[in-house]
Amino acid sequence: MAVTDDEIESLRFHLGFGNLSEDGPYTADGFRAVFYQVVQPNLTAGAETTASTAASVGLSTVTVVSLTGIVARARLVVDVGDAEEIVVVRSVGVLSFSAVFAAAHAANFPVAVMGGEARLRMLLGRADSAWQSMQAADIGDDAGLKRIEGDLEWFQGDERLRIRRSLYEATVAELAWLCNVEPRRGKKRGCQLEAY
């Protein structure tokens, strides 16, 4: 399945190009053109199918609609969003495969052979989750007042934010590497898109 417009907009945001229309005044950053002309045609696509049976935690055998690309030792991205995980195929049957699962998955979950598009979706999910965690209400919970020799002093609670930001930046760096597009976050205003 080709990368969707929503996924492109998510990638655009995480790489620091914002979500303003390229047709708007002073916002023509060329991101869509680079994505459609350079990135998308060169992203490898692994076969995709659907599991018709559920998977349980641990070694589980799953029946799929198609076994195209699913072979022993293949890496598969199963499910989506927070339920997504990577499994390694242990064995293959007529229309099934066995792998060790870290989480349970209800029937009809998507299965994709690891490739550029599957990696892009997986990293976008991680980037979205990391971004949301930086916006969480508990981000300042480790801030407060402390008493030093009778005086009260405010101390900053930025350790939680620093950890979450570090995770987010690492994920964005992986997205940039996968797409060969340098992120614009932290760059001076007016910087142009760079492909390397």
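I began with terms: two strands pair if DSSP finds at least two bridges between them. Strands are DSSP runs of E with at least two residues, helices are runs of H or I with at least four, and both are numbered from the N terminus.

I noted that this is a predicted model, in which local features need pLDDT of at least 70, side-chain atom pairs count only at pLDDT 80 or more, and totals for chains, interfaces and linings use all residues. Residues are numbered from 1 along each chain as its sequence is written, and side-chain values use heavy atoms, with hydrogens and water left out.

Entry 1: I looked up the strand order and found an open sheet of six strands, 1-6-3-4-5-2, with antiparallel pairing. Strand 1 (48–50) and strand 2 (58–63) are the edge strands, each pairing on one side only. From one strand to the next the twist averages 35°; the axes behind such angles are lines fitted to C-alpha atoms, and angles run from 0 to 180 degrees between N-to-C directions.

**Entry 2: strand 5.** I followed strand 5 (residues 96–101) to its partners. Strand 2 is joined to strand 5 by six bridges and runs antiparallel to it; here Val-62 stands opposite Phe-97. Strand 4 pairs with strand 5 over three bridges, also in the antiparallel sense, and Ser-91 stands opposite Ser-98. A hairpin of three residues joins strand 4 to strand 5. Five of the six residues in strand 5 are buried, where buried means under 20% relative accessible area, exposed over 50%, and partly exposed in between (1.4 Å probe, protein chains only).

**Entry 3: strand 1 and Thr-49.** I counted three bridges from strand 1 to strand 6 (residues 110–113), with the two running antiparallel. Glu-48 has Ala-112 as its bridge partner in strand 6. A polar atom of the Thr-49 side chain lies 3.0 Å from the backbone nitrogen of Ser-66.

**Entry 4: the largest pocket.** I looked at its lining and found 24 residues, with Val-80, Gly-81, Glu-84, Arg-121 and Met-122 nearest the centre. A pocket is an open set of points on a 1 Å grid over the protein atoms alone, where a 1.4 Å probe fits, with protein on both sides within 12 Å along at least five of seven lines; lining residues have an atom within 4 Å of a point. Helix 3 gives the largest share of the lining, nine residues.

Note on methods:
A polar contact is a pair of N or O atoms within 3.5 Å; within protein, one must be able to donate a hydrogen and the other to accept it, and residues adjacent in sequence count only if both atoms are side-chain atoms.
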